[in-house]
Amino acid sequence: MRADRMVAIEPDAQSFAVAKANIGDVVSLHNCMSFELPGSERFDTICAFEVLEHIEDDMAALAEWRDKLNSGGTLILSVPAWLDRMAAADQLTGHFRRYDPEHMQARLAEAGFTDIHVELYGFPAGNILEAVRNHVAAKRLAAGASDMDIEDRTAGSGRLLQPTSGFTGTLAAMVAQPMVWMQRLLPGRGVGLVAKARLQE
């Protein structure tokens, strides 16, 4: 199924500029927070990938997204998994928390969503990348990054160990492909959660 129209937001000015250069006019792209979107438009689907863990009041965010959905609409989100895996990379990138699967299920239900499906993903590539990120993050924190406020750490989170060119992005995709096959052979494992939930009609 294809969307007739897509609206995207990126609050960080630097990441917004990168997104604008890559996406162009394919979507309606806004440099703002979701609650700052102009107008009162509602959507059939809302996607929030690696966002909720950066918001201190996650229930307020879920309620806001719920209220922006049309009746019967779908929320799709991803977050880092497992509360007990909080580490240097979480601190560096401004995470307030991670989520156990049961925790995410309960939060979505409490926010008024139904037909909730939560699944782990990212094994084994995510485990390897997380270890690298924690190593890099620990060094940056020791070098003074821990003095940054959480807003600045959150703003820079999307730029940590991301491909900087089309070539590196293609290379990363090629390296990741065997990991994708391994994930399919060993489902239900990983360091990330993806959740899908519906607003009842």
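Trainee: Where does Glu-50 lie?

Mentor: Glu-50 is in the loop between E3 and H2. Helices (H or I, at least four residues) and strands (E, at least two) are DSSP runs, numbered from the N terminus. This is a predicted model: local features need pLDDT of at least 70, side-chain atom pairs count only at pLDDT 80 or more, and totals for chains, interfaces and linings use all residues. Residues are numbered from 1 along each chain as its sequence is written, and side-chain values use heavy atoms, without hydrogens or water.

Trainee: What phi does Glu-50 have?

Mentor: Most residues other than glycine have a negative phi. Glu-50 is not a glycine, yet its phi is positive, about 60°. Its relative accessibility is 33%, so Glu-50 counts as partly exposed. The cut-offs are under 20% relative accessible area for buried, over 50% for exposed, and partly exposed in between (1.4 Å probe, protein chains only).

Trainee: What is phi of Asp-115?

Mentor: Near 50°, again a positive value in a residue other than glycine. Asp-115 sits in strand E5. With 52% relative accessibility, Asp-115 counts as exposed.

Trainee: Which peptide bond is cis?

Mentor: Most peptide bonds are trans. The bond from Phe-123 to Pro-124 is cis, with omega near 0°. Look for Pro-124 in the loop between E5 and helix H5 (125-142).

Trainee: In which sense do strands E3 and E4 pair?

Mentor: Pairing requires at least two bridges found by DSSP between the strands. E3 (residues 43-49) and E4 (residues 69-80) pair in the parallel sense, over 6 bridges.

Trainee: What unit do E3, helix H2 and E4 make?

Mentor: A right-handed β-α-β unit, with H2 spanning residues 58-67. Point the strands away from you: right-handed means that the path from the first strand over the helix to the second runs clockwise.

Trainee: Which residues does Ile-76 touch?

Mentor: Contact means heavy atoms within 4.5 Å. Leaving out residues up to four places away in sequence, Ile-76 touches Thr-45, Ile-46, Cys-47, Ala-48, Phe-49, Ala-195 and Lys-196. Ile-76 is found in strand E4. Lys-196 is 120 residues apart from Ile-76 along the chain, but their C-alpha atoms are separated by 4.6 Å. Ile-76 is partly exposed, at 24% relative accessible area.

Trainee: Which residues of helix H4 are buried?

Mentor: Pro-101, Met-104 and Leu-108, in a helix that covers residues 101-110. Down the axis of H4, its buried residues fall within an arc of 65°, so they line one face. That arc is taken from the directions from the helix axis to the C-beta atoms. Glu-102 and Glu-110 are exposed on the other side of H4. The buried residues pack against H2, E4, strand E5 (113-121) and strand E6 (192-199). After H4 comes Gly-112, with a positive phi near 100°.

Trainee: How many residues are in the largest nonpolar core?

Mentor: Nonpolar side chains tend to be buried together in soluble globular proteins. A nonpolar core is a set of buried Ala, Val, Leu, Ile, Met, Phe, Trp, Tyr and Cys residues joined through side-chain atoms within 4.5 Å. The largest here has 27 residues; Leu-52, Leu-62, Trp-65, Leu-75, Leu-77, Met-104 and Leu-108 touch the most other members. E3, H2, E4, H4, E5 and E6 each supply at least two residues of this core. Apart from it lies another core, of 6 residues, including Ala-89 and Leu-141.
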